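The tour goes from one selection to the next.

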Amino acid sequence: MDASQKTILVTGGAGFIGTHTVVQLLNEGFKVSIIDNLDNSVIEAIDRVKELVGPELSKKLQFNLGDLRNRDDLDKLFSKTKFDAVIHFAGLKAVGESVGNPRRYFDNNLIGTINLYEIMAKYNCKKMVFSSSATVYGQPEKIPCVEDFELKAMNPYGRTKLFLEEIARDIQKAEPDWRIILLRYFNPVGAHESGKIGEDPKGIPNNLMPYIQQVAVGRLPELNVYGHDYPTKDGSAIRDYIHVMDLADGHTAALRKLFTTESIGCVAYNLGTECGTSVLEMVAAFEKASGKKIPIKLCPRRPGDATAVYASTEKAQRELGWKYG
């Protein structure tokens, strides 16, 4: 497979995981086109990506301001560029917000993705890497999570990911020439080693690490820890925190699999570290690494949050040749 001959559309490519994946794609020789509505990202992130890869590789990157909910935006894009595959990140991703405002999640995540499938089919682009989530497992009966576990999301955000997985499976079954990889990632953290790109959401962060960082630099007064009475060693919830560059490498591995495996069908892979870490352990690790004390406020559990979730990644190691770390 010659990456330099392939053009990849990255939806939500200006976001946290998107920018890191775009850097890896460009470094591997792919041509990349981004579509993003900048709802929770900024155009400066694209400038930083160009800065990181240099002027020569930057020529292979295009940015398009657009929204997947507007089919005309997609149609315009596909009519002028022939895409070989799509990496689909675009969507909203906060569990707590989704409980309070589920319709916003159904509108963004479901309608946007259904439009994307329609336009991809129209222009005969039938390879997709889809950004799914560990939330599709809900609170599993045992851990680590394995891909063939029963799927039972506990909140509207997780259900949008689960519905979209089911839609992918249905489309691929009806139209076997589709090749779709569903990547269920756990909790992305970290940043490119340059520090030029990373996670810097608008407003109060929904994810732990940017929240801790904003407290550390004085943007926010304290860290709200949601749930301190879980049946865990310190009472806080346990998650699997995976470095964003490992995730980016998982996407390029999945892309290569799509291009080189004809009968892949629609298949799911976990991307995680196979290790559970509690929220309070993460705070302690940050304090140790940064030398800063993080003031915390213990709050009630958030509706829709699971107690403990971490990944088995044996399948991704075996079939994608991918491993964290």
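**A helix and its surroundings**

Select Gly291 first: just after α9, this residue takes a positive phi of about 75°. The model is predicted, so local features need pLDDT of at least 70, side-chain atom pairs count only at pLDDT 80 or more, and totals for chains, interfaces and linings use all residues. Residues are numbered from 1 along each chain as its sequence is written, and side-chain values use heavy atoms, with hydrogens and water left out.

Step back to α9, residues 279-290. Helices are DSSP runs of H or I with at least four residues, strands runs of E with at least two, numbered from the N terminus. The twelve residues of α9 reach 17 Å from first C-alpha to last, close to the 16 Å expected at 1.5 Å a residue (1.5 Å times one less than the number of residues).

Now colour Val279, Met282, Val283, Phe286 and Glu287, the buried residues of α9. Buried means under 20% relative accessible area, exposed over 50%, partly exposed in between (1.4 Å probe, protein chains only). They cover an arc of only 135° around the axis, which puts them on the same side of α9. The arc is taken from the directions from the helix axis to the C-beta atoms. Turn to the face away from the buried side: Lys288 and Ala289 are exposed there.

What covers the buried residues? Among the elements are α7 (208-216), β8 (223-226) and β13 (296-299).

How values were computed:
Contact means heavy atoms within 4.5 Å.
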